Amino acid sequence: MSFALHVFSVVCISAGCLFFIAGTVGLLRFPDTLTRLHALTKADNLGLGLIVIGLLPQAGRLSSGIKLISVWVLVLFAGAMVSQMIGRIARRRAVDR
Amino acid sequence: MPAIPTPSEFVTPGAGLLVLALIVPVVGILAAIVAGRRHVERTALATIALGAVVMIAIAWQMRQSGRALVYWLGAWAPPLGVTLRADAASVVMLLVTVVVVAGIAVYARADFRTPDELSEARRPYVFWIMLLAVWCGLNAVFVASDLFTLYVALELLTFAAMPLVCLDGRAETLQAALRYLLFALAGSVLYLLGAVLVFGAYGTLDITQLGRVSDAQPATIVACVLMTTGLLAKTALFPLHLWLPPAHGGAPPAASAVLSALVVKGSFFIVIRIWFDALPTVPGYLAAQVLAGLGASAILFGSVIALRQQRLKLLIAYSTLAQIGYLFLMFPLAFDADVGGFVHGDALTGGLLQAMSHATAKAAMFMAAGLIYTTLGHDRLGEMAGVARLVPLSVLAFAVGGVALMGVLPSGAYLAKKLLLDAAEGSGQWWWAVTLQAGGFLTTSYVLLVIALTLGKPAAPLVARARIARSQEVAALALAICSFGLALAALGPLPGKLISNPLAPGALLSSAWLIGGGALLALAISRELPRLAFVDAFVAAARPLRRTLGGAGEVFVQIDQWLRRWPIAGLSMLALLLLFGVSIVAGR
Amino acid sequence: MNAVPVLDVGLVLLTLALAGWIIGARDTFAAVVGFVAYGIILALIWVRLHALDIALTEVALGSGLTGVLFLGAASRLRESEVAERAFVPGRALRVLAAVFSAGVAAAIAMAVLRLPDPAPTLAPLVAKNLDSTGLGNPVTGVLMAFRATDTLLEVVVLLLALVGAWSLAPDRLWGGYPGLRHYADPDGVLVYAARRLPPFGILLGLYLFYAGSDGPGGEFQAATVLAAMWLLVMLAGVRPAPAIGGRPLRAVLVVGAAVFLAVGIAGMFTAGAFLAYPEGYAKSLILTIEVVLTLSIAATLGLLMAGAPERSKDS
Amino acid sequence: MTETTLFGSCGALLVGLGLYGLIVHPQPLRKILSFNVLGGGVFLLFGVIARRGAAMGFGGDPVPQALVITGLVVSFAATALSVALLLRLHAVAGTASLSMPASDLPSGGASADATTKTPRDA
């Protein structure tokens, strides 16, 4: 059982890391603000989410698990908000130009 | 594991008064922030009055017990807790500070009154709170015996001083304030780094404990260098003075008095604490020569540039630069080769006396300059003729303060000079004796210049542009007179050989010699000259001399401007760090 | 070399690279973004150094609030930046500065590496005396008991910094509203966040405070989170920054220091020394001080972020 | 190489970088940023010294750790005050430069007017 949980963690965290790498590459390589945002949010939402899911079996205590999930939820919230704001500014600049 | 030093001193009776010295101003600050409106001034004055009582009680307690007062805050013994400790040096500084603060407060009442049509005004609110804060920071510096608490006190002092610099909100003073703030912050970070290295080496920050265990090892040498240089940047010792002239010359007069007379003494006092008490055997003879060498350059540059000024307040600001240099001359004289370190003695007493005399005298001079400014509507030295007749008390206050700085009998500065000269002779360091004498002439020159300028005959009759309050003149004069008596009173009974009859032929002759030499220097170097008959005769006779020396003075002005550029001052700070490091290592 | 130092080496290289970026970047805005990252990486180093309390402070205050401060300043100063670059010192000066800085850094590194071994430490003394305070977190013990004086003075320093910032207002705006400029669209996402996020933020702040007596956390970290929430509300224009003339506001600012001072003075009579706590009451007194201190510090930090008054009190 | 060697050297290097930036950057905001880099280095050295003193089940000596927290708060206050001052200078003078001679500032120069009761506002 515990072996299966370990495997689950490793798989999830590795997948999460992959999303982070992809997101970072996208951030560096994509041509404009909106596409870069697109890459970044994948890292934030999916990458972090997978890592949190992978860590949950290792958390040990319920309170730690709740904290992990809160971290993800807060990052989701902040990420969504900031991306929206950056996107708006990018669009306004595009219109101005 | 190295043993943790055990406390060497225990709480002494009556030391609770030191807590009061610390918290009375804090209570005042908190009350003033909330009360606001017209209550700020009243709160500040009441707090200062209460503080004066506390300081007198501390001095009395000290005289009763005859030894240092020690208090463990929270009853935690060092090294875990913080100790308050007041020795003779702390007590006299506490006393002089409260006197100067009180004098400035009386003076400032007229300048910082809340206008009738407003419920609360910015300038009074900020000034009174920051006056209390400067006082609070200084008290903390004088009584805290812990390197980190001293850091917090230093920052408190910086944050309190900065708004005073730019109280009138002009671009020029805002720029001066920003220069001051950034440079002072860099200085405190260096100090903090030194303090943590000391902690890493000994596991304590308590100054008394450090004094017993500290030795010269790599960490302490680097720490000493960092702390000293950081503090010099905050004290504005030449060549780290980039912020001093604009900040002290541009602030409102009461604020200039606070900055010049008091604020720079805080970091100076911590340098003493480190060299004499915390790490006495670390810096060594050679580093002390370097330090005093900087002091000597400060005297030369500050005085010569003061003579080349066209505005009174800037002249006084440059005089502060020179006087700060004077304070550092005592370091090599206090070095005891037998002990291998710096010891409390006549040289240190001399240095502290100088600091005290400067505090009262410089406050009085800035206050007098402020009164002259208010009366004339400007402070241009070239148009000072006749001022002595217009505001005689103010000019008298300036003159008395200036004469006290010159070191004429029986001022504190005279005694300081005498103590230092004896120490220089005793230790065979004749070059510092020469510097001390030369410094006396230079100080005399710019003081005489201002007095002579105000005595001249005006081209057109002078009219007062504004009336000044009599209380302001009295406050300035009282502080100036204090620079004669206060230091003596604070020190208690002095050895009889130090005081001689000021009217005895020998003493008169030496005063005359000083004044004559100073006058000659002023005539030769100064930019503005008084409109007096003998002056015109001298100028006609000695034109080439004036051209040469005046030109040399302009070169000093140019060098000063170059040194006060930010990158150059920053480089000087780094160069000083390296220079002190090399001189400590080479000195052993 | 095992796996752990590889992580450490990576963190150090990243920190140095970011520091180089902050110093070297041409654009100030880019440097500021680098600074925020610098603070976060430093916080990870604090975790590696077993200093979780500092990690929390660093990330909230050192990186978070300071970062916001820099972002705001960078955007306001943008137009004059180009002109100021003209004053860049010449090459010789720069080389000299680099050489000297390197010399100073080398001397410091040498001093740190040659500190005595074994290192002196006050940990045993803290451990011995922590019980008498009733606290479980040794750092809180140092801040609130052993070296409480420093903390008290520090709170006064914060207050003075705030009055100093206020003092920069023009005379006619004294008593007016701080100059946070907000462009928030009333239906925009920022306003939405400013309405939804604060309850969670306040909960988090309270948690940090509650945890701080026994685990990592404490009044400074909690106050920073609370201040950040307030800042969000002010920035979004949901509740504008208050006018600085109000007495209730000023009372909130000083109440923390005042209670701290009062307990300290009471200690002179009940426990024999200023800032000593009577036996058995230490923990409850410390908690009382911390509650009001958190409130005062949060208010002070929030107003420090808001800056000097820029609109008159009548507007 | 031990942990303290690594982080200690890092702290010293950060101090060097901060000092360099503080001296050569012409823009005050960059100086303040450099000051914060410098502060980060100093605090890191605190952390190293605290870590060296780990004992009694504590991961580091709590005293220097507590000092860092105090230091961070003071450093934040310093930064906030300098930024406020900088913004005000910029609002009054149109430039925030420290290198510009005072006589070239809009309201500076010879018209120094230190004792007026109501200074002009920008």
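Analyst: Here is a short walk through the chains, their interfaces and a few charged pairs.

User: Thanks! What should I know before I start?

Analyst: This is a predicted model, so please keep its cut-offs in mind: local features need pLDDT of at least 70, and side-chain atom pairs count only at pLDDT 80 or more, while totals for chains, interfaces and linings use all residues. Residues are numbered from 1 along each chain as its sequence is written, chains are lettered from A and ligands numbered from 1 in the order in which they are written, and side-chain values use heavy atoms, with hydrogens and water left out.

User: Got it. Which chains share the most contacts?

Analyst: Chains C and D do, out of four pairs of chains in contact. Contact here means heavy atoms within 4.5 Å. Chain C brings 87 residues to that contact and chain D brings 80 residues.

User: How much area do chain C and chain D bury between them?

Analyst: About 7,200 Å², with 79% of it on carbon and sulfur atoms. Buried area is the accessible area (1.4 Å probe) that two parts lose on being put together, summed over both. Helix α3 (residues 52–85) of chain C gives the largest share of the side of chain C that touches chain D, 18 residues. Helices (H or I, at least four residues) and strands (E, at least two) are DSSP runs, numbered from the N terminus.

User: Where is Asp146(B)? I clicked on it by chance.

Analyst: Asp146(B) sits in the loop between α4 (122–143) and α5 (147–165) of chain B. Its side chain makes a polar contact of 2.7 Å with that of Arg147(C). A polar contact is a pair of N or O atoms within 3.5 Å; within protein, one must be able to donate a hydrogen and the other to accept it, and residues adjacent in sequence count only if both atoms are side-chain atoms.

User: Buried or exposed, that Asp146(B)?

Analyst: Buried, with a relative accessible area of 1%. The scale calls a residue buried under 20% relative accessible area, exposed over 50%, and partly exposed in between (1.4 Å probe, protein chains only). Among the residues that Asp146(B) touches are Gly81(B), Leu205(B) and Arg147(C).

User: New topic: which salt bridges lie inside chain B?

Analyst: One of them joins Arg273(B) to Asp277(B), with closest N and O atoms 2.6 Å apart. Both residues lie in helix α10 (residues 253–278) of chain B, four residues apart, about one turn of the helix. Arg273(B) is buried at 6% relative accessibility, and Asp277(B) is buried at 17%. Together with Asp87(B), Arg273(B) and Asp277(B) are linked in a network of salt bridges.

User: What links distant parts of chain B?

Analyst: Arg308(B) and Glu554(B) form a salt bridge at 3.0 Å. Arg308(B) is in the loop between α11 (284–307) and α12 (312–327), while Glu554(B) is in helix α22 (residues 543–563), 246 residues apart. Arg308(B) is buried at 12%, whereas Glu554(B) is partly exposed at 23%.

User: Last one: how many helices and strands does chain C have?

Analyst: Eleven helices and two strands. Chain C has 315 residues, and 57% of them count as buried. It also holds a salt bridge between Asp8(C) and Arg48(C), at 2.5 Å from N to O. Asp8(C) lies in helix α1 (residues 3–24) and Arg48(C) in helix α2 (residues 28–48), so the pair ties together parts that are 40 residues apart in sequence.

Technical notes. Salt bridge = Lys/Arg side-chain N within 4 Å of Asp/Glu carboxyl O. Lists of a residue's contacts leave out its neighbours within four places in sequence.
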